[in-house]
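Reader: I would like a close look at one part of this model, the charged side chains. Please keep it brisk and spell out the cut-offs.

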Amino acid sequence: MKTSSAMAAVLALFTAAQLSAMSNSLAPTDPVPETELAVSGLTPFCKAIMNGDAATVEKMIQLGEDVNRKSLGKTPVIFAARYNQPEILKMLLANGAAPTIRCDKGHSAMKYAELSNATEAMQVLRQAKKA
């Protein structure tokens, strides 16, 4: 009888520990801010564009960075338009970036600028279209 009680107690403790571990693993976690998300495939060039780091973008262009190479399905021009980086956008265009290349989903740089309310980037893209 003592053995049965001891076994039942051990089994109860084991079950409680298992349930506790399961509830902890299923508990919602705090949302991770977008800036801290680990984005696989984002090139350092496009990350510098997103962050508005014109000096790094310029240096990378001087070192031979492809100004039309897609990252996460989007061109550097699209990143500059999406994050309203007009000076970087001008730099990309001056160095041969094609403003007409669309993302892998078929959207243009202008569409990304419009969706982001990136008015300065839209102005640069309009000027580039006229040229």
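Author: Start with contacts, meaning heavy atoms within 4.5 Å. Of the contacts in the chain with a separation of 6 or more, 66% are between residues 24 or more positions apart. The model is predicted, so local features need pLDDT of at least 70 and side-chain atom pairs count only at pLDDT 80 or more, while totals for chains, interfaces and linings use all residues. Residues are numbered from 1 along each chain as its sequence is written, and side-chain values use heavy atoms, with hydrogens and water left out.

The chain has seven helices and zero strands. Both are DSSP runs numbered from the N terminus (helices: H or I, at least four residues; strands: E, at least two). Of the 131 residues, 27% count as buried. Buried means under 20% relative accessible area, exposed over 50%, and partly exposed in between, with a 1.4 Å probe and protein chains only.

Now the charges. Side chains of opposite charge can pair when their charged atoms come close. The structure holds three salt bridges. The rule asks for a side-chain nitrogen of Lys or Arg within 4 Å of a carboxyl oxygen of Asp or Glu.

Take K70 and D104. Their closest N and O atoms are 2.9 Å apart. K70 lies in the loop between helix 3 (54-62) and helix 4 (76-82), and D104 in the loop between helix 5 (86-94) and helix 6 (109-115), so this pair ties together parts that are 34 residues apart in sequence. K70 is partly exposed, at 32% relative accessible area. D104 is exposed, at 58%.

K90 pairs with E87. Here the closest N and O atoms are 3.5 Å apart. Both residues lie in helix 5, three residues apart, which is about one turn of the helix. K90 is partly exposed at 40% relative accessibility. E87 is exposed, with a relative accessible area of 51%.

R69 forms a salt bridge with E65, and the closest N and O atoms are 3.6 Å apart. R69 has 42% relative accessibility and counts as partly exposed.

One charge also meets a ring. The charged end of R82 sits over the ring of Y83, 4.6 Å from its centre. That label needs NZ of Lys or CZ of Arg within 6 Å of the ring centre and within 35 degrees of the ring normal.
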